[in-house]
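I opened my notebook and went through one protein model step by step. These are my entries, in the order I made them.

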Amino acid sequence: MFNTIEEAIEYWKSELSYVEDAELVAYQGGYPVVDFTIKEACWDLVKDKKKFARIVRSSEMEGGIEVGVSTCFYQTASLEWTPPIMKICGYPEVISRILKKVM
């Protein structure tokens, strides 16, 4: 688990080879919104947008279990893909799971 969103952003930028840059752009409903710049060579690895809803929902459920909440994070995350920017909103653990599943 991450202590702060800044710590999570630094982790994603350093550990994920397909992320060129990541920056906190806003908060939506109390959850951080992070813009990820995805390397052009990896654009073909992004799953079909039709699968985004399922990816987000399963990531919310798993992230909720990881942080130990009794109910999962339901409708707390979102995912948008407009190359080269992938905009993800959610709890940091949920964002990590979305990144792993969407690529």
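**Ground rules**

I noted that this is a predicted model, where local features need pLDDT of at least 70, side-chain atom pairs count only at pLDDT 80 or more, and totals for chains, interfaces and linings use all residues. Residues are numbered from 1 along each chain as its sequence is written, and side-chain values use heavy atoms, with hydrogens and water left out.

I took helices (H or I, at least four residues) and strands (E, at least two) as DSSP runs, numbered from the N terminus. I called a residue buried under 20% relative accessible area, exposed over 50%, and partly exposed in between (1.4 Å probe, protein chains only).

**Helix 1**

Which residues of helix 1 are buried? I looked at residues 5–15 and found Ile-5, Ala-8, Ile-9 and Trp-12. They sit on the same side of helix 1, because they cover an arc of only 100° around the axis. The arc is that of the directions from the helix axis to the C-beta atoms.

I then turned to the other side of helix 1, where Ser-14 and Glu-15 are exposed. Next I looked up what covers the buried residues. The cover includes strand 1, strand 2 and helix 3 (92–102).

**Strands 1 and 2**

I used the DSSP rule that two strands pair if at least two bridges are found between them. Strand 1 (residues 19–28) and strand 2 (residues 31–38) run antiparallel, joined by eight bridges. Val-19 stands opposite Ile-38 in strand 2. The two strands form a hairpin with two residues between them. I checked the turn and found Gly-29 there, with a positive phi of about 60°.

**Strands 3 and 4**

How many bridges join strand 3 to strand 4? I found five, and these strands run antiparallel. Strand 4 spans residues 85–89, and Glu-80 stands opposite Lys-87 in it. A hairpin through two residues joins strand 3 to strand 4.

Strand 3 (residues 78–82) has two faces. Leu-79 and Trp-81 make up the covered face. Ser-78, Glu-80 and Thr-82 make up the uncovered one.

**Aromatic rings**

I paired rings of Phe, Tyr and Trp (its six-membered ring) if their centres lie within 6.5 Å; planes under 30 degrees apart count as stacked, over 60 as edge-to-face and the rest as tilted. The structure holds four such aromatic pairs. One of them is Phe-2 with Tyr-11, with centres 5.6 Å apart and planes at 50°, so the pair is tilted. Phe-2 is partly exposed at 22% relative accessibility. Tyr-11 is also partly exposed, at 39%.

Another pair is Trp-43 with Trp-81, and this one is edge-to-face. I read 6.3 Å centre to centre and 80° between the planes. The pair links distant parts of the chain, 38 residues apart: Trp-43 in the loop between strand 2 and helix 2, and Trp-81 in strand 3. Trp-81 is buried at 9% relative accessibility.

I also found one aromatic cluster, formed by Phe-2, Tyr-11, Trp-12 and Phe-36.

**Around Trp-43**

Is Trp-43 buried or partly exposed? It is partly exposed, with a relative accessible area of 29%. I listed its contacts (heavy atoms within 4.5 Å). Leaving aside neighbours within four places in sequence, Trp-43 touches Ile-38, Trp-81, Pro-83 and Pro-84. A polar atom of the Trp-43 side chain lies 3.4 Å from the backbone oxygen of Lys-39. I also checked Tyr-18, 25 residues apart from Trp-43 along the chain, and the C-alpha atoms are separated by 8.9 Å.

**Cysteines**

I searched the whole structure for disulfides (pairs of cysteine sulfur atoms within 2.5 Å). The search finds zero. Cys-42 is buried at 14% relative accessibility. Cys-89 is buried at 3%.

Which residues does a cis peptide bond join? I found Pro-83 and Pro-84, with omega about 5°. Pro-84 is in the loop between strand 3 and strand 4.

My last entry is Gln-75, in the loop between helix 2 and strand 3. Gln-75 has a positive phi of about 55°, although it is not a glycine. At 62% relative accessibility, Gln-75 is exposed.

Key
Polar contact = N/O pair within 3.5 Å; in protein donor to acceptor, adjacent residues only side chain to side chain.
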